[in-house]
Amino acid sequence: MKKIFFYETEIGLIGIAEEDGYISDIVFGSDGLKGAETKETRLIKKAFNQIAEYIAGIRIVFDLPLLVEGTEFQETVWKELLKIPYGETRTYSQIAEAVGKPKAVRAVGAANNRNRLPIIIPCHRVVGANGSLTGYSGGLDAKRKLLDLEERNSVK
């Protein structure tokens, strides 16, 4: 059974879910996940501690078992997102080109939208062609905060 626990953070309330020994979801707000039991597990607490370190500028890489489920294309996009260096951004078209589908800009956006592990799989680092902020599951305010904290804490 999936378990979820909620934490208040600098970027707002987040829920972290575990399923079968893997971190499966990160959600913004208190909506939760249907059928999930509200319970803090050791793995969820470990994930929260790593996210808190990330928010504090101490951690740039996560070390957690992740449940990553999507189509082959989505998983390819998510792997590409993991290659975006901390403190940097890429455009949707740059990601599309990097995965060998230069015309699949909208599909890259859809894959970002389906990312169940925001923050850890850093879809917040993907911006519009002109550098503008575009959709984010936690809202544009959370996306801006994540990008700002990475900019503040990155080594140039």
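The largest cavity is lined by Ser24, Leu67, Val68, Glu69, Trp78, Arg114, Asn115, Arg116, Leu117 and Ile121. Here a cavity is a set of points on a 1 Å grid over the protein atoms alone where a 1.4 Å probe fits but cannot get out, and lining residues have an atom within 4 Å of a point. This is a predicted model, in which local features need pLDDT of at least 70 and side-chain atom pairs count only at pLDDT 80 or more, while totals for chains, interfaces and linings use all residues. Residues are numbered from 1 along each chain as its sequence is written, and side-chain values use heavy atoms, with hydrogens and water left out.

The structure holds one cavity of 30 Å³ or more. About 60 Å³ of space lies in the largest cavity, a volume being the space filled by probe spheres set on the points, which are joined across faces, edges and corners. The lining divides as follows, with Ala, Val, Leu, Ile, Met, Phe, Trp, Tyr, Cys and Pro counted as nonpolar, Asp, Glu, Lys and Arg as charged, and the others, Gly among them, as polar.

| Class in the lining of the largest cavity | Residues |
|---|---|
| Nonpolar | five |
| Polar | two |
| Charged | three |

Let's turn to helix H2. In H2 (residues 72-81), Gln74, Val77, Trp78, Glu80 and Leu81 are buried, meaning under 20% relative accessible area, with exposed meaning over 50% and partly exposed in between (1.4 Å probe, protein chains only). Helices (H or I, at least four residues) and strands (E, at least two) are DSSP runs, numbered from the N terminus. Seen down the axis of H2, the buried residues fall within an arc of 155°, so they line one face of the helix; the arc is that of the directions from the helix axis to the C-beta atoms. Glu72 and Lys79 are exposed on the face turned away from the buried side. Helix H3 (92-98), helix H4 (105-113) and strand E6 (126-127) are included in what covers the buried residues of H2.

Gln74 has a relative accessible area of 15%. Leaving aside neighbours within four places in sequence, Gln74 is in contact (heavy atoms within 4.5 Å) with Ala111 and Arg114.

Finally, the core. Of the 36 residues in the largest nonpolar core, Ile16, Ile51, Tyr54, Leu81 and Ile119 touch the most other members. Such a core is a set of buried Ala, Val, Leu, Ile, Met, Phe, Trp, Tyr and Cys residues joined through side-chain atoms within 4.5 Å. Helix H1 gives the most to this core, with seven residues.

How values were computed
On a 1 Å grid over the protein atoms alone, a cavity is a set of points where a 1.4 Å probe fits but cannot get out, and a pocket is an open set with protein on both sides within 12 Å along at least five of seven lines; lining residues have an atom within 4 Å of a point.
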